[in-house]
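Here is a short briefing on one protein model. Look at the sequence and the 3D view, then read on.

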Amino acid sequence: MSPLPGRCGIRARGEISETTRAHWEEALSRLAGQHTGVSYLELSDVAFVDVAGVTALAVTAMGLPVGRVVVEHPPPHLPRVLEMFWPSLPQIEVTPR
């Protein structure tokens with residue numbers, strides 16, 4: 001995990017799973033604390049996000065007082081998991097890979 005230069009956001013790499021979830025959740029918590037309207041998650045270098053990782057993202061987004069999280073270039077399964085468990089969640093915008 002690393003900050004995105006010039007905008008509120010995180011760049012993640014690798015996989016988000018049981019072994020990395022604590023770092024993911026910590027990064028999402030920091031992001032929520034800095035959020036002022038639109039926050040970004042750059043996931044083009046992420047190969048996999050498990051359901052618990054997607055849950056952490058959805059819960060974080062739902063807890064934001066205003067605005068949204070833009071998920072850029074996620075792994076193909078992430079939008080499907082979001083749609084399956086949180087259809088039409090307005091706090092998350094997903095851009096295609």
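How many aromatic pairs does the structure hold? It holds 1 aromatic pair. This is a predicted model: local features need pLDDT of at least 70, side-chain atom pairs count only at pLDDT 80 or more, and totals for chains, interfaces and linings use all residues. Residues are numbered from 1 along each chain as its sequence is written, and side-chain values use heavy atoms, leaving out hydrogens and water.

**Rings**

- The ring centres of F85 and W86 are 5.8 Å apart and their planes meet at 55 degrees, so the pair is tilted.
- Rings of Phe, Tyr and Trp (its six-membered ring) pair if their centres lie within 6.5 Å; planes under 30 degrees apart are stacked, over 60 edge-to-face, and the rest tilted.
- F85 is partly exposed, at 47% relative accessible area, while W86 is buried, at 18%.
- Buried means under 20% relative accessible area, exposed over 50%, and partly exposed in between (1.4 Å probe, protein chains only).
- R7 lies over the face of Y40, 4.4 Å from the ring centre.
- A charge sits over a ring if NZ of Lys or CZ of Arg is within 6 Å of the ring centre and within 35 degrees of the ring normal.

**The sheet**

- An open sheet has 5 strands in the order β1-β2-β3-β4-β5, with mixed pairing.
- β1 (2–3) and β5 stand at the edges with a single partner strand each, so one side of each has no neighbour in the sheet.
- Strands (E, at least two residues) and helices (H or I, at least four) are DSSP runs, numbered from the N terminus.
- Two strands pair if DSSP finds at least two bridges between them.
- β4 and β5 run parallel, joined by 3 bridges.
- V71 stands opposite V94 in β5.

**Helix α3**

- In α3 (residues 77–85), H77, L78, V81 and L82 are buried.
- Seen down the axis, the buried residues of α3 fall within an arc of 140 degrees, so they line one face of the helix.
- That arc is taken from the directions from the helix axis to the C-beta atoms.
- R80 and M84 are exposed, on the other side of α3.
- The cover over the buried residues of α3 includes β3 (38–49), α2 (51–62), β4 (68–72) and β5 (92–94).
- Contact means heavy atoms within 4.5 Å.

**Two more residues**

- T60 sits in helix α2 and is buried, at 19% relative accessible area.
- Leaving aside residues up to four places away in sequence, T60 touches L28 and A32.
- G33 sits in helix α1 (residues 21–34) and is exposed, at 68%.
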